[in-house]
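Hi,

Here is the model I promised to pass on. Have a look, and my notes on the salt bridges follow below.

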Amino acid sequence: MSVVADLPPAELRDRLRGPGIDLVTGRFRTRIVSGLPEVTTGIAQLYRDFPVDGPTGFADFHVAVARPRGLRRWYRPQVLFRFDGRSVFKPLPGNQAFPMLEWGLNWCLTTQVHHYLVFHAAVVANGERALVMPGPPGSGKSTLCAALVTQGWRLLSDEMALLDLESGLIHGLARPVSLKNESIPALQALAPDAFVSAPCHDTLKGTVAHLRPPIDSVERVRTPVRPGWIVFPRFVPQAATELLARSRDTAFFGLVSNAFNYSALGDIAFERTVDLVAQSDCHDFSYIHLAEAVARLGELAGAGTRPVD
Amino acid sequence: MLATLWDLLQAQGHAGAPPEPVRYQLWGAWLLARRRTTAILWELRCLAAELPVIEGGRPVLLKGVAYIVRDLPGARSRLCGDIDLLVPRAEIDRVERMLYWSGWSRGELDPYDEQYYRQWMHQVPPLQHRRRRSTLDLHHNILPETVRQPPEPARLIERAEPIPGDPVFATPTPAHMVIHSAAHLFADSEWDKAVRDFYDLDRLLRHFGEQHGDAFWDELLTEAQAMACGRQVYYALRCCSRWFATPVPVTVLARLRRFAPAAPIRAVLERLFGLATRAHAAGPSPRRTAASRALLFVRSHWIKMPPLMLMRHLFHKAFLSPREESP
């Protein structure tokens, strides 16, 4: 299968506009149709190394990003995200087409997928083991995730941990990492060579940009990882970097409160969460300085497993 | 239907046949349905403790939840969202008031909708439990009061069968289950869910036909007439036997023919039912399906409301009801 970078820009544009493309992220195939230049550019830059083909065969999600019909196509243009032909969000201002695609794809995964237990968490891996960082928006998990992957960790996802209900392994997507507001310059300072897309201003979340995933993470995306560490991050201004052991029972509840489909899956979700916690070292982590945070988590990974409780 | 499909594939030993991503989606849907069934059964236990004693017959569980407690084939993989409960009309207000004290209340409705529900519908506005977040549809009839010949719900409640080991609830007789399912489908406007509804009918007919044989078919005919639902049962049996090859005895179809409308109307409607039922995986429905659904939507309103009332309702909905905020 070819990757996005293999397609000449004009061909990518025409296919996106016409029948659409099938973009493969991990175990998911998404059929995307969009005639908007922001979407074409975003895909070309940020999904550069991802497999693409089709449209052919079965796709997990059928999505489109398009201008609405009527007046708002021309006057202060807006964009819509369509899933199976239906618009699922309120329209956004026209310049936010690419962030809307990203949010839309997150929505697909967190509302339409039931064969994984899905946590609201960033996941990176060191060697064979996963570092899971659960947290609501604003906890700084995406920023930390971006920082770690620019410093050699493997990216699985900045937004969701997909826990395999059968094997208990964690699957990744390796999709672009979303950065907000001050975390954009902070990351660029830490990793001047990393590719970050042009910022999109005045979105619901402020200024948004995306980090291109390392090619190595994209190529290994279909290899799941074992649980290793669960770290609950908290970005605290004027605080010292501090990594504190957390008991497994409070880690369990911390995970459950950040799960998207825990109650929808019932007993099997309980069992898998217990397994996940039992196999992981659990910590609370407050940080302010990215380089320091990366170093501290690197020490944690280097120290190996520590028996807890 | 995805969970049902998974169930069928497993039952036939073909679970390994679909490609992996398809298999995962089907399995995921099945996990969801399985969990929903557990939740519904638990919810029933809570509700049983909260319901007052009802004069005039046990409260009757309808549709999906009835299929689950009767353990009918496929009931556990059928996604069942809320509980449908039928109580005698004379009791419905008291039941709603009593349930209020256990945490059941209805959402905000504008005064027109509220009045409309109270006066004309076959149910009170949907109730939701404050803490458990489950929803309950409390019915006093199986169709709105406004249809030209409203069914007689007392018959369904009187004959309803107690559930072994359950001191509170009852379920409709097999014939009444079929009649309710048919009445609902052909008078309703939700044609995007019609595949499932027809498949429900197919399963009920197969199961009860096998279990009770002629006694079931005789009772179905008698009750269809008595409940004034002959036309709907006629369409149901005809469509099922044509589309799903449901084994409906020829004599039963012949005896139902007197409920059929004039041949040209029947031909048009059956074509519309067929088109509207088609499901499309992705993208907007093709025009013919969308148009058929629109026509059936109009028809359902026509059946449910006398012309003058329909005019008044449409006028209100078009000009007076508060608009949904457009972004």
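A salt bridge here is a side-chain nitrogen of Lys or Arg within 4 Å of a carboxyl oxygen of Asp or Glu. This is a predicted model, so local features need pLDDT of at least 70 and side-chain atom pairs count only at pLDDT 80 or more, while totals for chains, interfaces and linings use all residues. Residues are numbered from 1 along each chain as its sequence is written, chains are lettered from A and ligands numbered from 1 in the order in which they are written, and side-chain values use heavy atoms, with hydrogens and water left out.

Over all chains there are 25 salt bridges. One of them joins A:Asp22 to A:Arg31, at 2.7 Å from N to O. A:Asp22 is buried, at 0% relative accessible area, and A:Arg31 is buried too, at 14% (buried is under 20%, exposed over 50%, partly exposed in between, with a 1.4 Å probe and protein chains only). Both residues also belong to a salt-bridge network with A:Arg29 and A:Asp53.

Next, A:Arg175 pairs with A:Glu102, closest N and O atoms 2.9 Å apart. A:Arg175 lies in the loop between strands 12 (170-171) and 13 (177-180) of chain A and A:Glu102 in helix 3 (residues 97-112), so the pair ties together parts 73 residues apart in sequence. Helices (H or I, at least four residues) and strands (E, at least two) are DSSP runs, numbered from the N terminus. A:Arg175 is buried at 7%, as is A:Glu102 at 3%.

In chain B, B:Glu50 and B:Arg132 form a salt bridge, again with a closest N to O distance of 2.9 Å. B:Glu50 counts as buried at 16%, whereas B:Arg132 is partly exposed at 22%.

Cheers
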